[in-house]
Every structure is written in structure tokens, then in C-alpha cells.
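Here's a quick tour of a protein chain for you to follow along with.

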Amino acid sequence: MNEDMMTEAERASKLAEPAANDTPTRGKGVFYVHTLGCQMNVHDSERIAGVLEADGYVPATEEQYFNHDIDLIVMNTCAVRENAAERMYGTIGLWAELKRERPNLQIAVGGCMAQLDREKIAKKAPWVDAVFGTKNIGSLPQLLDQARIEGHAQVKVQEELNYFPSQLPTDRASKVSSWVAISVGCNNTCTFCIVPTTRGKEHDRRPGDILAEIRQCVDEGAKEVTLLGQNVNSFGYGIGDRFAFSKLLRACGEIDGLERVRFTSPHPAAFTDDVIAAMAETPNVMHQLHFPLQSGSDRILRAMRRSYRSAKFLDILRKIREAMPDAQISTDIIVGFPGETEEDFQETLRVVEEARFASAFTFIYSPRPGTPAAEMEQVPHDVVQDRFERLVALQERITEENLKTFEGRDVEVMVTGASGKKDAATHRVTGREKTGVLVHVGVPEGEPMPQVGDFVTATVTHAGRHNLIADPNPEAGQTYAVRH
């Protein structure tokens with residue numbers, strides 16, 4: 001899972017609407033949650049907000065946020081890449097100045113870096129009031145209360161999972177598109193990954209509990225859900241049911257009012273034919289797939305402890321596209337893994353060219369302390385940078401060629417807002433079409449302006465480098481139609 005799959009709006013923490021009167025309540029304190037990291041972190045931040053509101057805290061409005069009129073800032077951290085850790089320490093360093101301006105301001109740090117660094121954060125940043133792990137979201141209000149009493153940082157980081165975060169109150173950032181976690185943790189042993197250390201072993205939720213949460217989301221206005229897990233398609237393996245994930249997808253198809261279902265991220269080693277069939281045969285499961293390759297070299301895949309090889313990966317892609325020719329498939333690729341040679345890298349380029357990914361999130365290998373790969377011989381930075389740039393150039397070409405195929409086609413877009421940088425000036429709204437591509441839709445003069453949660457069918461008029469533009473002209477026979 002990675003944060004680059006989300007738009008800035010999808011990753012942003014929710015801000016409260018201004019109060020109807022001029023005297024908004026502060027409750028126990030006005031708070032803001034700052035999120036780093038992947039979709040699971042974004043969803044955890046919704047739980048953090050829900051727990052705080054249940055304890056009497058009040059989310060900040062946009063005005064309060066920009067004026068620093070806040071009593072509590074919570075950072076939900078990521079530990080997957082080195083730059084995420086650097087961003088964490090850099091940002092909480094800036095917050096020290098805020099605390100000097102507002103001595104009663106409390107600062108809390110949670111998430112994966114808190115799970116990993118624990119006491120180090122409290123020692124390195126003594127102005128932090130609370131440090132809580134990935135399994136301690138529900139303890140945050142108590143830690144903050146105790147910090148006020150004792151006057152120093154409170155640290156609580158558990159190793160064992162005593163309850164699913166899904167049991168906690170939630171303040172969802174979007175009312176039309178919801179994250180739903182189906183599992184937490186990971187049982188894989190990839191040599192580059194810190195997630196098993198920060199999130200622990202995989203624990204699956206009961207299917208009935210997941211479906212009940214999805215129905216509740218729909219009852220509250222959601223039209224789309226994204227199922228979350230470190231390895232969603234290994235869901236059920238712990239109880240010996242290797243068909244549990246495909247059953248869950250099919251069960252989602254029976255939920256009235258649920259228009260779209262997505263999921264992330266599956267592991268290629270566990271991506272079976274029944275999952276492909278469930279995706280193809282369940283109408284509300286979107287033909288969008290994030291499928292992490294990591295490397296095209298079998299030698300490097302072995303060193304990564306990825307339990308598949310490039311031929312198997314490409315064979316699965318072939319099966320997916322045979323069942324769903326319109327499928328849009330994205331991936332993750334690590335460049336410069338320890339020991340990677342030019343021959344290994346050429347294998348990655350070969351697989352990328354053959355796979356024709358819709359997009360690829362490419363990363364320069366980042367050593368994470370405590371992982372086996374961090375102890376291996378590293379590739380020189382200038383060599384890695386050169387490979388990274390060549391890979392990005394290849395994928396940019398493939399992405400542009402893929403997006404060009406949408407020009408002149410009608411797409412159905414679920415409107416999520418007007419989040420594009422130029423949307424207000426161009427009279428456009430923004431959303432994703434069925435296979436996940438970001439689309440900016442222009443509203444023709446005299447046509448109804450769609451609202452968030454509406455579905456717009458429009459003709460694509462231009463393909464950008466990473467998104468589509470639909471500025472249809474109905475008089476020229478192009479399509480524009482709104483469905484509520």
C-alpha cells in the first residue's frame with residue numbers, strides 16, 4: 001500500500017464546517033490530525049478523529065487550522081520509507097515553535113514511526129505530549145489527560161492486537177467514499193519491508209463484521225468502499241479458507257446502494273483465479289487493480305523474498321486482462337535494491353514494457369533499520385538515480401499512451417469534489433471513472449452542476465499526463481449526463 005495512489009484531497013485530514021453561529025464550541029479542545037503514509041494510515045486517522053470526538057474534542061475548521069487556533073495536533077506517521085521518517089521529525093520540529101506560541105497546545109505522535117521509535121521520539125522531541133502505537137488509538141485521550149497531569153510525554157505502544165481499530169468510533173473524511181479495513185498486519189517476510197514490525201502479524205476481521213460496516217457506510221451515504229489490508233487476497237488464510245476474499249467480493253455485490261467496490265493491495269503470490277472471476281462477475285467490483293511487482297528480476301525477487309517470479313506475475317496479468325479487458329493495473333517498483341545489477345534492472349524494464357501498467361509508483365530503495373536488506377551491500381546512489389530516471393521515463397510514455405486510448409470515449413465519473421488546481425476557474429468537477437482514472441469534468445453551459453456523490457457520464461476530450469479532461473459539447477454530439 002502506498003500514499004502516492006491517493007490525490008491530495010483523498011489524503012487530507014478532514015476539517016470541520018464552520019459553525020452556524022458565531023460562537024463555535026471548543027469542547028475539550030480543538031484538534032487537527034496530520035496524516036503521513038498510505039490508505040491504512042488515512043483510515044486510522046479517521047479512527048483517531050472519531051475517538052477524540054467521542055471524548056469531547058472538536059475538529060478544527062479551515063479558519064482555525066490556518067490561524068493555528070488549535071489545542072491539539074496529532075501526527076499519524078509512516079515508516080515505510082526513509083523520507084517519511086525525515087518528514088515526521090522535520091514537521092514536529094516546526095510544531096515546537098507553535099507550542100512556544102501556545103504553551104497549552106498538546107502534540108501527539110502515533111502510527112508506524114511511533115510504533116518503531118517509541119521512546120526516541122519523546123527524547124528527541126520533548127515538546128511532544130503523547131506517543132501511541134498502531135494498536136493504541138483508543139488510548140489517546142487517556143494519554144493526553146495524563147500528560148496534562150504529569151507534565152511530560154506519555155508513551156504507550158503495544159505489541160499485541162487486543163481489538164480491531166474498526167471497533168473504535170470513526171469520523172470519515174468522505175461521506176460518499178469509505179475505507180473499510182478487512183485485516184491488519186502482514187505475515188510476509190519481504191526483506192525490504194518494515195510493516196510486519198510496525199503492524200504485526202496478520203489478523204483478519206470476521207466477514208460478517210466487515211459486511212455490517214459496509215452496510216452502515218452505505219446507510220450513511222457512501223456509494224463506494226475501498227477494502228484495505230496489507231495483503232487483502234490472503235484474507236481468510238489463517239482459518240484455512242483460501243476462497244474467503246473472493247466470497248467477500250461477491251457478498252459486496254449483494255449490498256443494495258453500493259455502487260463501487262475497490263481494494264488494495266493484493267499480493268501476486270496469493271492472487272488466484274477465483275479472485276479474478278469474482279472481480280469480473282460482480283458488477284459493482286471495479287476493474288481497477290494495484291498489483292505490486294517490486295522488481296522484474298527473478299534474482300532480485302528472491303533476494304526480496306517475494307514468493308513469485310516475473311513469469312508468474314505476467315501470467316496473472318494475462319488472465320486478468322482476458323477476464324477484464326478494460327482493467328487498469330498499477331504497480332509498485334523498487335529501484336536500486338541491494339545487489340541490483342544493470343542486467344537485473346534491464347529485466348525490470350522488460351517486464352514493465354510487457355506489462356503495460358496504467359501507472360507505476362517507483363521508489364529508490366530506502367534502507368529501513370531492522371530489515372534484512374538494510375544490512376546488504378547497497379548500490380551507489382548515482383547509479384540508482386540514473387536507473388530511476390530511465391524507469392520513470394519508460395512508464396511515463398506507457399501511461400500517456402494508455403490515457404490517449406480514452407479520448408473520444410464516454411466514462412462514468414463519481415464526483416468527489418472540485419479538487420483540481422484549476423477546477424474553479426474552468427467550471428469543472430473532479431472524480432474517478434470506474435477503473436480509477438482521475439477525471440476533471442467540465443459542466444457545459446446550461447447543464448446541471450453535479451454534486452459530490454453524483455455520477456456524471458461524459459465524453460473524454462483530452463488525455464493529460466496523469467489524468468483525463470472531459471469538456472463535452474452536447475451540441476456536437478458529445479455526452480454529458482448526471483445521475484444522482
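This is a predicted model: local features need pLDDT of at least 70, side-chain atom pairs count only at pLDDT 80 or more; totals for chains, interfaces and linings use all residues.

- Arg356 sits in the loop between helix H14 (342-355) and strand S14 (359-364).
- Its phi is near 55°, which is a positive value in a residue other than glycine.
- Arg118 isn't a glycine, yet it has a positive phi too, of about 45°.
- You'll find Arg118 in the loop between helix H5 (112-117) and helix H6 (119-124), and with 26% relative accessibility it counts as partly exposed.
- Where does a cis peptide bond turn up? Look at the link between Thr264 and Ser265, where omega is about -5°.
- Ser265 belongs to the loop between strand S11 (260-264) and H11.

- Ser330 is part of strand S13, which covers residues 328-335.
- Is Ser330 buried or exposed? Its relative accessibility is 10%, so it counts as buried, given that the cut-off for buried is under 20%.
- The side chain of Ser330 reaches the side chain of His290 in a polar contact of 2.7 Å.
- Setting aside residues up to four places away in sequence, Ser330 touches Leu289, His290, Phe291, Phe357, Ser359 and Phe361.

**Buried residues in loops**

- Asn284 lies in the loop between helix H11 (273-281) and strand S12 (288-290), and it's buried, with a relative accessible area of 7%.
- Which residues does Asn284 contact, leaving aside its neighbours within four places in sequence? They are Cys252, Gly253, Leu258, Glu259, Arg260 and Val261.
- Met324 has its place in the loop between helix H13 (310-323) and S13. At 1% relative accessibility, Met324 counts as buried.
- Beyond its neighbours within four places in sequence, Met324 is in contact with Ile276, Met279, Ala280 and His287.
- Ser297 is in the loop between S12 and helix H12 (298-304), and its relative accessible area of 2% makes it buried.
- Again leaving out neighbours within four places in sequence, Ser297 contacts Asp344, Glu347 and Thr348.

**Distances to trace across the model**

- Lys247 is in helix H10, residues 244-252. With a relative accessible area of 48%, Lys247 is partly exposed.
- Now go from Met324 to Ala463, which are 139 residues apart in sequence and 22 Å apart in space, C-alpha to C-alpha.
- How many residues apart along the chain are Ser297 and Ala54? The count is 243, and 50 Å separates their C-alpha atoms.

**The whole chain**

- Zoom out and you can count 16 helices and 21 strands in the protein chain.
- Why call it as compact as a globular protein of its length? The radius of gyration is 23 Å, and the globule rule gives 23 Å for 484 residues, so the two values are close.
- Along its principal axes, the C-alpha trace spans about 65 × 60 × 45 Å.
- Of the 484 residues in the chain, 56% are buried.
- Take the contacts between residues at least 6 apart in sequence: 75% of them join residues at least 24 apart.
- The chain exposes about 21000 Å², with carbon and sulfur atoms supplying 51% of that area.
- As for charge, there are 54 positive and 70 negative side chains, and the centres of these two sets lie 4 Å apart.

Methods:
Residues are numbered from 1 along each chain as its sequence is written. Side-chain values use heavy atoms; hydrogens and water are left out. Helices (H or I, at least four residues) and strands (E, at least two) are DSSP runs, numbered from the N terminus. The radius of gyration is taken over C-alpha atoms; the globule rule is 2.2 Å times the number of residues to the power 0.38. Buried means under 20% relative accessible area, exposed over 50%, partly exposed in between (1.4 Å probe, protein chains only). Contact means heavy atoms within 4.5 Å. Accessible areas come from the Shrake-Rupley method with a 1.4 Å probe; for residues, only the protein chains shown count as cover. Lys and Arg count as positive and Asp and Glu as negative; His and the chain ends are not counted. The place of a charge is taken as NZ of Lys, CZ of Arg, CG of Asp or CD of Glu. A polar contact is a pair of N or O atoms within 3.5 Å; within protein, one must be able to donate a hydrogen and the other to accept it, and residues adjacent in sequence count only if both atoms are side-chain atoms.
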